Amino acid sequence: MSDIRVKICGLTSADAVTAAVEAGARYVGFVFFPKSPRNIAPELAAEVATQVPPGVAKVALVVNPDDALLDEITARVPLDMLQLHGAETPERVAEIRARYGLPVMKAVGIADAADLATLDDYVGVADQILVDAKPPKEAELPGGNGLAFDWRLLQGRHWSVPWMLAGGLTPENVALAAKLTGARQVDVSSGVESAPGEKDARLVRDFIAAVA
Ligand SMILES: O=C(O)c1ccccc1NCC(=O)[C@H](O)[C@H](O)COP(=O)(O)O
């Protein structure tokens, strides 16, 4: 048992949540970003979140959120963590953490070695960091693009907060990605879908089994 913790992100239905939980996911992610094919209404997220058992963290993914959006989501949905996936500054991360009393995971996009320095800005501010692929300039979405970065960039890197590897992970490549980077937590969205926003229960099982 490798005990790598898996986050399945972008769940949009009760069936998808059940598939993720039954397969052994330790985190389930809900995307609150209207441009995304994985966007979920707070009402539906609230409903499906109630079926998530203790021990599985319910994560709300937001992009440069204002307080009104966060007020609404946190009031309606029983959450365990906020994932900030935009250009939130360390100051804004600290503000959100203090205002909502929830752990915050800050996503940072990586394309080359220079981007790694940005991660350090959030250590000591965020509770966790999500090391993701940097989206292409023309991308509609700041994440969830199914693109990987060069995992060798992370070799020999250590952070004093828990971190998660993301970006283009699939059932086929996740074991190698974890081995090369030393990641103990991994996050996936597109790699376990049959179409954008449609989680495939078999791919979810295969992904988690690949790092079990
Ligand atoms: O998934 C989305 O649609 C999305 C929209 C806006 C910001 C982030 C988004 N997704 C991020 C993730 O699902 C993951 O945290 C991560 O980026 C992995 O995505 P993928 O490469 O698709 O596995």
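Q: How far is a polar side-chain atom of glutamine 83 from an oxygen atom of the ligand?
A: The distance is 3.2 Å. A polar contact here is a pair of N or O atoms within 3.5 Å; within protein, one must be able to donate a hydrogen and the other to accept it, and residues adjacent in sequence count only if both atoms are side-chain atoms.

Q: What kind of model is this, and how are residues numbered?
A: It is a predicted model, in which local features need pLDDT of at least 70 and side-chain atom pairs count only at pLDDT 80 or more, while totals for chains, interfaces and linings use all residues. Residues are numbered from 1 along each chain as its sequence is written, and side-chain values use heavy atoms, with hydrogens and water left out.

Q: Back to the ligand. How many residues surround it, and which are the closest?
A: There are 25 residues around the ligand, and Ser36, Arg38, Asp132, Asp187 and Ser190 are the closest. To count, a residue needs a heavy atom within 4 Å of the molecule.

Q: What are the distances for aspartate 187 and serine 190?
A: A side-chain N or O atom of aspartate 187 is 2.5 Å from an oxygen atom of the ligand. For serine 190, the corresponding distance to a ligand oxygen atom is 2.3 Å.

Q: And how much of the ligand's accessible area does the protein cover?
A: The protein covers 100% of the 510 Å² of accessible area that the ligand has on its own. Such areas come from the Shrake-Rupley method with a 1.4 Å probe; for residues, only the protein chains shown count as cover.

Q: New topic: which residues of helix H4 are buried?
A: In H4, residues 90-100, the buried ones are Arg92, Val93, Ile96 and Tyr100. Buried means under 20% relative accessible area, exposed over 50%, and partly exposed in between (1.4 Å probe, protein chains only). Helices (H or I, at least four residues) and strands (E, at least two) are DSSP runs, numbered from the N terminus.

Q: Why do they line one face of the helix?
A: Seen down the axis of H4, the buried residues fall within an arc of 105 degrees, so they line one face. That arc is taken over the directions from the helix axis to the C-beta atoms.

Q: What is on the face turned away, and what does the buried side pack against?
A: The face turned away carries the exposed residues Glu91 and Ala98. The buried residues pack against helix H3 (67-76), strand S4 (81-84), strand S5 (104-110) and helix H5 (116-122), where contact means heavy atoms within 4.5 Å.

Q: What does arginine 92 pair with?
A: Arginine 92 forms a salt bridge with aspartate 67, with the closest N and O atoms 2.9 Å apart. The pair links distant parts of the chain, since arginine 92 is in helix H4 and aspartate 67 in helix H3, 25 residues apart. A salt bridge is a side-chain nitrogen of Lys or Arg within 4 Å of a carboxyl oxygen of Asp or Glu.

Q: Buried or exposed, those two?
A: Arginine 92 counts as buried because its relative accessibility is 18%. Aspartate 67 is partly exposed, at 25%.

Q: Which residues are in the network of salt bridges?
A: Asp67, Asp71, Arg92, Glu95 and Arg99 are linked in it.

Q: Last one: where is glutamate 88, and what does its side chain meet?
A: Glutamate 88 lies in the loop between S4 and H4 and counts as buried, at 3% relative accessibility. A polar atom of its side chain lies 2.9 Å from the backbone nitrogen of glycine 86.
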